[in-house]
Every structure is written in C-alpha cells, then in structure tokens.
Amino acid sequence: MNPPGDVDEDGTLQKADQESLFPELLNFASRTQALISELLLLSGRIPLEFRDHRYDPVLFDLRYFDSPDDFEARIEGSGELEVLEDQLRESCSVFMQRFFLFANGIVTYHQELLKYLNELMGGASLPSNLEGVLDNENGRQLLAESLALFGCLLLLLEHRMGGSLREKLLVAHVRYVRYFNAPNIEPMCLLCRVHPSPLGPPRQTHSPPWSSSIVSIQKPEDLLLRFPFPKQVVESVIVRLRDCDLYNMFHHYPDPEHRTVALASQAGWLYVLLFYSPEFLNNGFVMREIIDRFFKDSWVVPFFMYFTVDLSTSWDAYKGAKTSISSRLSSSFIRDLCQLHYSKVKDLTFELCSLLSDGVLTRDYVLNNSQSLLSLVRNCNISLRWLLLHRSSSDKKLRDIVTSAGTAHEMDEESIVFFFLKTSQIEFEVKQLYVELFDGNGTLWQESKNSASECVQEFFKYYSGSQALSWKIKDESLEDWLKNLPMEIFSVDYTKTGNASRKVYHMMFTSKEIEQNHEIKENLQTKQFLSRIQKHLQHMLEALNLHHDALLTFSVVTDAVYAWGFVQSFGNELWKKIEQDSSVVLNLHSFFLKFQSMLDAPLLRISQNHSPDLPSVSAYYSSEYLTHICAVLEIIPVMLFRTLDDVASTFQALQPFHLLNRIEKDKLKDFMRPDQQFHLTKAFGQISTFSQGILVASQTLHGLIDLDVKNWLESKIRKELLKRFDNRLKSFFLSSSVGFEDLEMNVQKMATYILSEFHLMEYFQDIIHIQWTHIWEEEFTAFLQDSAQKERDDYVPGNEFPSAQTFLGNLLHQILKLTNPSQSMYIEPMSGWFDAAGHELLGLRFFDLLETCVGPVGMACLDSLLTFIILNKLELALKVLKSLLDARCLEDLQTLDVALGPTSSLPLLGWSSYKQMAKFVDTSWEPWVESLACIGQLQLLRCLIALKLKSACKVEAGLVSSAVDGMIVPVSSESVKILEGIGKEKSEIEELLLRELSSQGMLCGYCTPLQTLYISEESPPFLSRCASLVTISQLPRYVLDTHLSTLTSRLKKVPLDFSPLVIGLGTFLRQFNPTYMVQYVQYMCQYIKIAAEAAFGGKDETPKHPVEPTPEVLKSAFWLLHFCKHMGLPEYLAHSCLPPLVAVLQA
C-alpha cells in the first residue's frame, strides 16, 4: 500500500529531494501510521473487565457527562459496586490512560491537518499551494496518504473497538483521574460516540471459512464526516487518484490485464476518500469510470494493508456505486474469471514444479530467462491474490460461485496453500540468485568486456595477415570495423544502461550481418571467432539487463501483505501438509519471507520522517509477525515427539541388539529385523528433514526478526519434556496401595523407560543438532526438583502424602507405607525392612534400582523431601512433648529426680524407685513415642540413600567423589569455628562456595543424617529424664534376639520397631545441647546398674541360688549401646557407666 519509490533510467531512487519539499505532509503520513499501529495494539489487548458483564454497573457511556452526580450516587451506596470500582481502577488504569492519549492523538492530528489544508488552500503562509502539491508527484502521494490513512484509522477504530467500548473507556478514565476539563474532551466524545446503525435491517453476511480481515461498517460516511476535511481538497485528490498512476506501478505491471492490481494501492485510498464526498458514490457516470479503471475484475479489495472490504455489500446504500458494481458481478462474468484463474493456477503449478526440480534454477538460467521468470512470478501472484481475496467474500452467493468453480477444477484450500508454498519457494530461490548475480554483476561485465575485446583483436590479427590464415577477404569496411571494435567495446559505459545496451546490441547486429557473408559462412575458423565475439557481447547485454530496477519490480509483484489475514488459516493447512509430508518444513522459511513486507510497508513513511515512533511501531509489527511464525512452527516439536513416540517401542526392541558384544553366527538372522530397522531409519529421516528445515529457517530469519529458531525449539522441547515426564512417570504409580513386588516392578519399568528415552535422545541429537541429552538431563532434574517443591508446598503435617500430586510424592508415600515402624522391622545387618513372617519389604536392592531409575538428582530430591518431613516431625514432637509437660507432670518429674539422686550413685530405694516410673508414662505419651519412631524411620531411609549415593559416586565419578571428600572436611571445620566464634565471618564468595559444595556433597552422598541439626529451639525441662522414662517404659515390649542382633517384639507382632525408635529418640535429643544425650546415657546406666543389682543381688552379697542375668539388664544395655553407636557417642561413655558383669555379658 506504500510507494516503492521513483526510479530513473539508471535505477537510482529519487526520493530524498522530493521528501524535503513537503516535510509537513510527510509528518502527517508518518503520524497516521503510528496511530494505526497503536490502535491495532490496543484492540488486541482490551482488558477482560470491559467484556465482563459483572462490571457493567460501574462502566458508563457518554450519558454520564449529562448528570455525573446521579451515576456516582449509584456506586456510593453499594459496597459491592465500590469493590468492583476499585478492581477496575487497579487493573485497567494503565490501559485506559493509553486509550485516552490515543484518542487525543487522533483529535489533535485532525485539527493540525485541517489547519494545514486551510493554509494550503489559502497559499498565504506555505511555500506551495494546493495545485503545487498535487502537481508534484511526491506531494500528491503524501497528501492522498495523509487524508486516506486518517479515514482508514476511523474505519478500523469502529471495526476493532466498537462505540460502546470506546465510550466506556473514555468515561472511566475521565472519572478516575477527574479530568473533566480536558482540552479536547468534546471532540474526543465525538470520536468515541456510538456509530448508529441504519434504520433498516442490515444485510446478512456470512463469515467465510477462510476469513481475512474484512471490514463491514454501515453508513461509513457518517462516521468519517464527524471529522471532515475541506471539500475542495478531497475532491481534488479524488480527481487525481482517478486519472493518474500514483505510485508509477504500470512500469511493474506492463500487461493491461493487470491494471487493477497495479492500481490496487491508490484504489484503497480512493475507496476511503469517496466516503468524504458521497455525492461521487451516487453519481453513476463517475462510479462506472472508477469501477472500469480500478475494480473491473475485483470486488474484494484491500484498503489498508491486509484489511479488506467487499464492494458487493459495502456500497449497498449508494445507488450509483451499487448499480455500477453490479454490472461486474454477474454470475457468468464471475465464472469466466474463476475459469481464467483456476486454469492459470493449474498450469502455473506444473511450471513451478518443473522449475523447482533439482538443477534447473541456476545462475545461467536466471541470466538467460530473467524476463520470463519475472513474468511467471507476476502471473502466480496475480492469480493467487484474486483467488484468496474472492474466496473470502462476505457475500455467500458470490463466494459459493468462486468455491464451486474451484471444486470443478479440483482446487480446494489445500491446493491453494500448495500453490502459495511453491510460489514463495521460487520467489526465494530466484531472488537469491538475483542477489548473487547483482553482487557479481560488475565483475561479469568487466570479464565479458575484456574477453570480447581480446577476441576481436585476435581475429583482426588473423584477418590483417599478421598471422597466417588459409584465406583472405579483401573488404576495407570489415577491416575498419574489426580495427575500431575493441575501442568501441572499451568505450561502453556500464553506468549508462540505456546507451550501453544500444551500443552492444548494435555490435551484435553488425557481427551477425558479417557472419552472413558467403565466404565467412564457408570458413569454420572464422565462424568460430565470430561466435565467440557474439557470446561475450551477449554476456555484456545480460549484465546490463541485470539492473536494480528488475529487483525492485520483483519485490513489488511478490508483495503479499494483503494475505496476512489468511496466515492463521494457512497455518492450519500447513500443519496438515507437514503431517503428511515432512519435507514441507524445508519451504517454511520462504513462506515466512513472503510476508516480509508486513514489516516494511508500515514503516516507510515513519523512517523517512525519522520519527521517534519507529521503534514502537516496528516492535508491534515484529511481534505480530513473530507470533504467527511461532504458531506455524509449533508443528515441529509436535511432530518430533510424535516421531519419538512412534519409534520408542521399536527402539526398545532393537536396543538389546546394540548392547551385545558378541553374536552367534547362527543367530544373526534373528537380530536383523529389517522391518524394525526400516521403520527406525524412516523416522530418523523425518527428523533429519525437520533439522534441515530448522537450520534453513534460522539462517533465513536471522536479522529479520528477534527469533532464534533453534533456541525457540529448545524452549518448546523443554516444555514438552516436562509434560511427558509428569504424565509418563505418574502413570507408573497409579495405585496408592501396592506391595513390594508391585513397587519394584513399577520402578523397573520406569527405569527401562527412562533409559530407553535417554538413549533415543542420544541418537536424535546427532541428527537434529540440538544438545538433546543435555536438555533432557536438565529438564529431568528440573522436573524432579519441581516435584519435590510441590510436595513440600502441599505437605500437611501428620499426614504424609495421602493424595500425592506428583510422581515423587507418590513414590515416597509408598516407601513410607512399606517401612512403617508399626508394620515392619528394620534389621540392621540386612540393611532392610522385613515383615513379621521374615519377607523383605524394602532393602538395598530397591535403592540400587531406584538410583538407576532417577539418578543421583532424584535420590537427592527424595532425600530433601525426607529432610523436610523430619523437620516438621521434630517440630511436632517438640510441641507434643511440651503439651505433656504440664505443671503436675513437672512436679512429679521433680520429685522423681530427687528420689533417684545423682547418676553416680544408686537410689536409696533401689529397684522400687523405678517401679513408680512405670505409672508415670501412661497412654497419653504414645503419640510422642510414635512420632519418634517415625522420625527414626525417615532417618534410616536417609542413611540408606546417602550410602547408595556415596557408593555410586565412587564408582561412576571417582574424581568428583575424591574432590568433594577432600574439600568438605576442612570447609565444614571452618564453618564450625565460625559458629563457635573463633573464625572470621564468611564473604559472599565463601557463602556461594559453601552452598555449592553442600549441594554437590548431597549428590555424592557426603551427608550424615544422624548428626544433622534440623531445628533450633529451646529444650523443654527434664528432657533427658523424659527420654529415659520413655525408654524404660518401652523395654518390656521387646526381647533380645541374638540371632538377628536386635530387639524384637515379645508377641511376634511389631508394636513399634526398635531401631527407628532408638534413632528417632537420639535425633530428637541431638537437636538440643549435647549434654542432654550424655545425661540420657547416664540415666540409662543408672537404671542398668539398679536392674543388675536386683537381678544378681547386692555387690557385697553372694546370692543363695545362682540365677541367669535378667533379660531387662541385657535389653537395657543393648538399647544403650545401640543408641551410642548410631548417635556417634564415644564408647567409653557407656562402658564406664555399665557394671562389670554386664560388660562381660555384652562381650
């Protein structure tokens, strides 16, 4: 729709001089383009609140200004409406302000342009008058654009943002900012007022299946005449548009049959300006002339970029225009047009496919056939333009005629998209060759010129007799011609195209006349010389024909900005074609470049004006262009993963074959599997095609828009991988109640799936040139970490993942269920959990399998979840204990503490003192004991995870393991010094190092769960005494099993597993001052001494009857030693407190 520029004989653009003559008009044309881009941007971002009927009570139309107090009173009396008012103000104030500024910009533009036009007609203060502007080519263009673009702006404003919406936006902004006295408030109200529909019912139109941006507005002249322009100016511009070629397009469309396309730009301006002077529309004579010149074979026409109108319905209200256009809408005439264009498309499609065959389009072919190629491209675009526009007619009857004719010619939407693709492909390839030839055109000219001159000189030497020839021709004119020809060749000036072409053509004509001499015709050597001279002269002509004017014409005829409204429909068809044939991806880059003018056309006047609006307008159109490109490219990741799913099962079947080191000769046929190999090879071929398409698109679009196709594809792959991980991994754990066999089988299946997927990614990344395995590992890590975070966010204390939302939470829920202390028993030598019948529930084998499945990161995420649960359990246990220690309980503990005396001596009442303790710990303490056992269960799981991570790291990453091991000890000791106040405070770098080292240490298994401090709280009173009392109360439930080296249930039914309870108790005590654990050991030693004395008698007395050591003594000692071992307490602390006899029995 914008001028391509004027070109002189040598192809030089003559714009700068003319633009400087009319800076005001250039500024107006630039401003309207900026206002239209702002309109398109705003209309695409309308807040949802203005579409929501809930906000209607607080959104008012222009009647608000008549009685604002009445409207405000409605809101002030309602709390609900005041809330809606506040929400609207908070969420939409920025948009409303931007709309207000936009509306004010439209009004200001009209006022300034109207002032300029009045001065132009007066001719007093301006350097030119109206006639002077219209007589100047550039002035004529700018004046027509300034008027017509403003009309387009008003029509698009009504089309994209209806009057009701405009009124609400304007009133809402004025109310909120209290700007009732704005300078242009009245014309802004006029701009925003609802455009009334005509009294009669509007003509029914039907949306076509391929809907471009058709604009249909009733009585548009009423809308435009709200902001009129001087009638003299409008009519003068209309007259000039009727008679002239505004943008010199006939040069690019020399065929008279193509005149309507050549004049399409000014036809759009003329359509808009006619509504400023509607008497033209009712003048049948004038409209017949206009239609014969501009619309003789088209009734769906673009009036601004890709916005179109259907003249068959748009001019219904204007008798002259309607009568004139109706004569061009007869069914027979439309069928003839359809026959013409559909037949052309068929023939052109065949010709395009022939040219696009391998090896046809070369530099020499383009040189020799530049005009025929240009004609082919022109014809393709003209037929494509007509079919696309008229298949989208809003008149159902006319549209049905066009589509039914297409059906008769076997041309549907898919065929048109195919034709569009082929057209864009040949345009891209021919233009690339043109550019290459232009770059080397000067060199070609000089080489051909030198070669022709040398050939002529050599021929002259033979002819003149300086070198021997077998014949002589005595012709003085020929001799003079040969003698002067080198000088004539060197005198040809390449920069003067027209003169140079005539001279070279004359030389060729003369040489061909000489060749007709009967003596020369009979001499092969002479004919060879003349043929060589003619060949070099022909190359010189071809170099002259390769002028920039040809490239400009090529750009003009290939412009497809009118088809931008069809891009979404094209995208749907392209998806279908790519699903059928992956090679279509290779042509997507040329399809995108076909719409490149979408980025250039709106910016022409803005860039010429050096307007500050250039970045914002460019950003808007680039974002729209980018959005549609990405929408089409979405099919690539979809197809990639579809191919991945298609070959996954085949790859798993073939994978064992690739892992074998040796195959028996007799079994070789069993491993060949040609069908599966062919299927896999075909899939990899498709992926290779996608890779090539991505590479070409990335290179072609680089610098055009801010899109790295490769990075964009990587982001889409990452998103899709996250979805796949979530769906696939959760499917392995659908049931919440499974046994160990089911859990192990699910983990095995999951491990097989993950490994096969990873290996498949390794194959893919070599083909598609994307670090797919790296992306896969990163996203799998992110998925696991995100799953852990979700479970932490959804965690409810006391109810571990009853309805886990992620794979990791589901897995942990089943692990915790199998290792429940009340239903299982942990046997330390076996490092596993067993049921009462001795069947293994969970052990090291399971963690080996789990590490193979989720890797170190998954194990670390599982460990982080366990850490989080332990922290919550410890806080809950502390809260429960504090609730148990009421005033009466504390008083009893104080009395008991006094009765037992210091730990270094035995209580005076002996064993009877501890009999009272059994009454102290009643059933109310059971929840606290169970929470301790649960903490111990979680700690044991953490220990096994750390053990597995450490062993796996040493095997698979020995150097990393050694490095972490060498660094973590000194860094940890330094941290301890800082906590003790000895060392200096850490810097940010040291803090970062500590965090990274801690994270890496977690992955390598260098963590000590039993030594970890989870919480930092004040200890409750009598903590050690409470711990010892609970221990003593639990001991009668167990018996010592020397075979299993553990305490087991007395009733063969596990009340609470021994090991988790001991470790949980120790973990709880470790959260406070270390003296509490020492004190606990001392209390337990005191108890063991009293128990031993009760079993064996006083130390000075010899028992009358020898008795076996009481099991209570052995259980207590075993408990204590087990506690010291796991809590890392020194052995001498327990041994020093135990009586000698118990130490002997222990040994």
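**Exercise 1.** Work out whether R98 is buried, partly exposed or exposed, then find its salt-bridge partner.

Solution. Start with accessibility: R98 comes out at 36% relative accessibility, so it counts as partly exposed (buried means under 20% relative accessible area, exposed over 50%, partly exposed in between, with a 1.4 Å probe and protein chains only). Before going on, note that this is a predicted model, where local features need pLDDT of at least 70 and side-chain atom pairs count only at pLDDT 80 or more, while totals for chains, interfaces and linings use all residues. Residues are numbered from 1 along each chain as its sequence is written, and side-chain values use heavy atoms, with hydrogens and water left out.

Next, the partner: R98 forms a salt bridge with E38, with 2.5 Å between the closest N and O atoms (a salt bridge is a side-chain nitrogen of Lys or Arg within 4 Å of a carboxyl oxygen of Asp or Glu). R98 sits in helix 4 (residues 79–122) and E38 in helix 2 (residues 23–43), so the pair ties together parts 60 residues apart in sequence. Helices here are DSSP runs of H or I with at least four residues, strands are runs of E with at least two, and both are numbered from the N terminus.

**Exercise 2.** Take the salt bridges K231 with E235 and R942 with D863, and place each pair in its helices.

Solution. First pair: the side chains of K231 and E235 meet at 3.6 Å, N to O. Both belong to helix 10 (residues 231–243), and since they are four residues apart there, about one helical turn separates them. K231 has 44% relative accessibility, so it is partly exposed; E235, at 26%, is partly exposed too.

R942 is buried at 3% relative accessibility, and D863 is buried at 1%.

Salt bridges with shared partners also join E72, E85, D86, R89 and R175 into one network. The whole structure holds 36 salt bridges.

**Exercise 3.** Which residues form the negative surface patch, and which helix gives the most to it?

Solution. The members are D69, D70, E76 and E82. For such a patch, residues need over 30% relative accessible area and no salt bridge, and like charges are joined within 9 Å. Now the helix: helix 3 (residues 68–76) gives the most, with three residues. D69 lies in helix 3, and its 63% relative accessibility is why it counts as exposed.

**Exercise 4.** How do strand 7 and strand 8 pair, and what is the strand order of the open three-stranded sheet?

Solution. Strand 7 (residues 1038–1041) and strand 8 (residues 1046–1049) are antiparallel, with four bridges; two strands pair if DSSP finds at least two bridges between them. D1041 faces T1046 in strand 8. The two strands make a hairpin with four residues between them, and S1045 in the turn has a positive phi of about 55 degrees.

On to the open sheet: its order is 1-3-2, with mixed pairing. Strand 1 (213–214) and strand 2 (300–304) are the edge strands, each pairing on one side only. Strand 1 runs parallel to strand 3 (residues 307–310), joined by two bridges, and I214 stands opposite T308 in strand 3.

Terms used:
Patches are made of residues with over 30% relative accessible area and no salt bridge: like charges are joined within 9 Å, nonpolar side chains (Val, Leu, Ile, Met, Phe, Trp, Tyr) within 5 Å. Accessible areas come from the Shrake-Rupley method with a 1.4 Å probe; for residues, only the protein chains shown count as cover. Lys and Arg count as positive and Asp and Glu as negative; His and the chain ends are not counted. The place of a charge is taken as NZ of Lys, CZ of Arg, CG of Asp or CD of Glu.
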